[in-house]
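This briefing covers how the copies of a chain meet. It then turns to contacts inside one chain.

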Amino acid sequence: MNPILILDYAGIAVFAATGALAASRKQLDIIGFLFFAAFTGVGGGTVRDLILDVPVFWVVNHDYLMICLVTAVLVYFTAHLFESRFKLLLWLDAIGLGAYCVFGAWKALEATGSPVIAVVMGVITASFGGILRDQLAGEPCILLRPEIYITAALAGAATYTGLHLAGLPVMAAAIPAALVAFAIRGGAMKFGWS
Amino acid sequence: MNPILILDYAGIAVFAATGALAASRKQLDIIGFLFFAAFTGVGGGTVRDLILDVPVFWVVNHDYLMICLVTAVLVYFTAHLFESRFKLLLWLDAIGLGAYCVFGAWKALEATGSPVIAVVMGVITASFGGILRDQLAGEPCILLRPEIYITAALAGAATYTGLHLAGLPVMAAAIPAALVAFAIRGGAMKFGWS
Amino acid sequence: MNPILILDYAGIAVFAATGALAASRKQLDIIGFLFFAAFTGVGGGTVRDLILDVPVFWVVNHDYLMICLVTAVLVYFTAHLFESRFKLLLWLDAIGLGAYCVFGAWKALEATGSPVIAVVMGVITASFGGILRDQLAGEPCILLRPEIYITAALAGAATYTGLHLAGLPVMAAAIPAALVAFAIRGGAMKFGWS
């Protein structure tokens, strides 16, 4: 397996978990959990693939939907154990942001060779799942929260693109880039950066 | 004409009518009716076709836009006759749900041969028109209502896919499947299932 | 340069400015300005290109993203100078509407040859950027405001399509059509037409 796919699977799983947590906050049934998990998990990547005009990833490979399904069921049976589901949602979202801004940049760079499009697609991949989740759940959009969000995705996607174009192999560029994005988003939440 | 297209035309017309009723509730002008009717009528199928990477159906065949246009005009001149436009909207939406989850599953099964994608596309086709309508109208998303919604679409799409793969011809699988979805959604509304 | 591209660049720039003004009203940071500007500036055209199944314009030509970037920075440093940012937003939106309904109609007519699709795509191109902006910003959708909006886009797109099919060259049809749309939308705002 291409090791960069680890970021993809991780991004899907944690975004799916945030979707399921949103369903939990809305007291939906198990099918509602599944729908929100799938929508949030694959939403950003779907928009990315449509814009890049490549086959939509989860139509080609059903593993992704299975990840969302399993995640939704796990969250359904465990969500009540967490004291603050919203806080958990935000931290998982930060991990997904880190994984997915890098994976989106990688995929766009492979598909187009353009660093500009790589950075833009990193941001789109990382942010659209959460945007769709918040829109559907009728919650204020995560973009409007005072803490840094898009900036973190932009930094991660730009770090990956810069390091890879500077000659680093994919994973050597991807891991620090994902950590940069997570650290910025996490720091913003933890210390109230804005 | 392919008889399965009856479900497609029916789904379009009733979803278009729900869009026009949403416009009526917002006291929009005739163009607003038309816009909401078209958006709701063809929205789910547009997302389906983009994801399946097949030509968007209403770009290829203008009949669909004509159906939305006629429906919008009819609703414009008759909406005031109904005591509860919201109740009517919900019942029409249930009919559209039944027709469209089956049609979406049929089209996806023809295009990809995958039963998983067939079921997912049935749900997407049946739900996205209503989701877009509610988002645009600034109403709480239909997915968040306590009654069963996605479950009904899932049951209808899965019934069609299962019956057809079990060897039944298209229409023999489609009609009971559409009735299953409508019965579940209608029962949920009528008897308050949740 | 194809002279019709002037309408495209103008549409992008003024829609991007309205997105940046929405970010300003939400007191976002510079990255938030950039994101809203890009989203609003290229959103309508992206939906148009996906539905027409042509390459998404800003993936092919990075100038468009650069226009959004420059516009966002300009608005970031000047927005406080305007007494009413919302009024400015609405007037810029009216200019964007005029430019973009005609450009969308032109592009769809070139791609499909169908006058029906040309008019529909004119409306989609002109309205979706603003719809996405309002959804993201959590503001009531511009379609639900009492003043004429979709009607103006429809009139502009239909005027262009009619004049061009009647034999006028592209720019001779485009300029009056854009003015028609702007005049209808502007008149509706100025004189409270509804």
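Only 12% of the interface residues of chain B are also interface residues in chain C, so the copies meet through different surfaces. An interface residue here is one in contact, meaning heavy atoms within 4.5 Å. The model is predicted: local features need pLDDT of at least 70, side-chain atom pairs count only at pLDDT 80 or more, and totals for chains, interfaces and linings use all residues. Residues are numbered from 1 along each chain as its sequence is written, chains are lettered from A and ligands numbered from 1 in the order in which they are written, and side-chain values use heavy atoms, with hydrogens and water left out.

**Chain B against chain C**

- Chain B gives 17 residues to this contact and chain C gives 20 residues.
- About 1500 Å² is buried between chain B and chain C, 79% of it on carbon and sulfur atoms. Buried area is the accessible area (1.4 Å probe) that two parts lose on being put together, summed over both.
- Ile31(B), Phe35(B) and Leu136(B) supply 32% of the area that chain B buries against chain C, more than any other three residues.
- The interface of chain B and chain C has 0 salt bridges. A salt bridge needs a side-chain nitrogen of Lys or Arg within 4 Å of a carboxyl oxygen of Asp or Glu.
- There are 2 residue pairs in polar contact across the interface of chain B and chain C, both at pLDDT 80 or more. A polar contact is a pair of N or O atoms within 3.5 Å; within protein, one must be able to donate a hydrogen and the other to accept it, and residues adjacent in sequence count only if both atoms are side-chain atoms.
- On chain B, the elements giving two or more residues to the side that touches chain C are α2 (30–52), α3 (57–60) and α6 (115–137). Helices are DSSP runs (H or I, at least four residues), numbered from the N terminus.
- α2(B) gives the largest share of that side, 6 residues.
- By class, the side of chain B that touches chain C has 12 nonpolar, 3 polar and 2 charged residues. Nonpolar means Ala, Val, Leu, Ile, Met, Phe, Trp, Tyr, Cys and Pro; charged means Asp, Glu, Lys and Arg; the others, Gly among them, are polar.

**Chain B against chain A**

- Here chain B contributes 20 residues and chain A 17 residues.
- Chain B and chain A bury about 1500 Å², of which carbon and sulfur atoms give 79%.
- Between chain B and chain A there are 0 salt bridges. Residue pairs in polar contact number 2, both at pLDDT 80 or more.
- α2, α6 and α7 (150–165) of chain B each supply at least two residues of the side that touches chain A. The largest share, 10 residues, comes from α6(B).
- That side has 15 nonpolar, 5 polar and no charged residues.

**Within chain B**

- Over all chains, the structure holds 15 salt bridges.
- Glu139(B) and Arg25(B) form a salt bridge (3.1 Å, N to O). Glu139(B) is in the loop between α6 and α7 of chain B and Arg25(B) in helix α1 of chain B, 114 residues apart.
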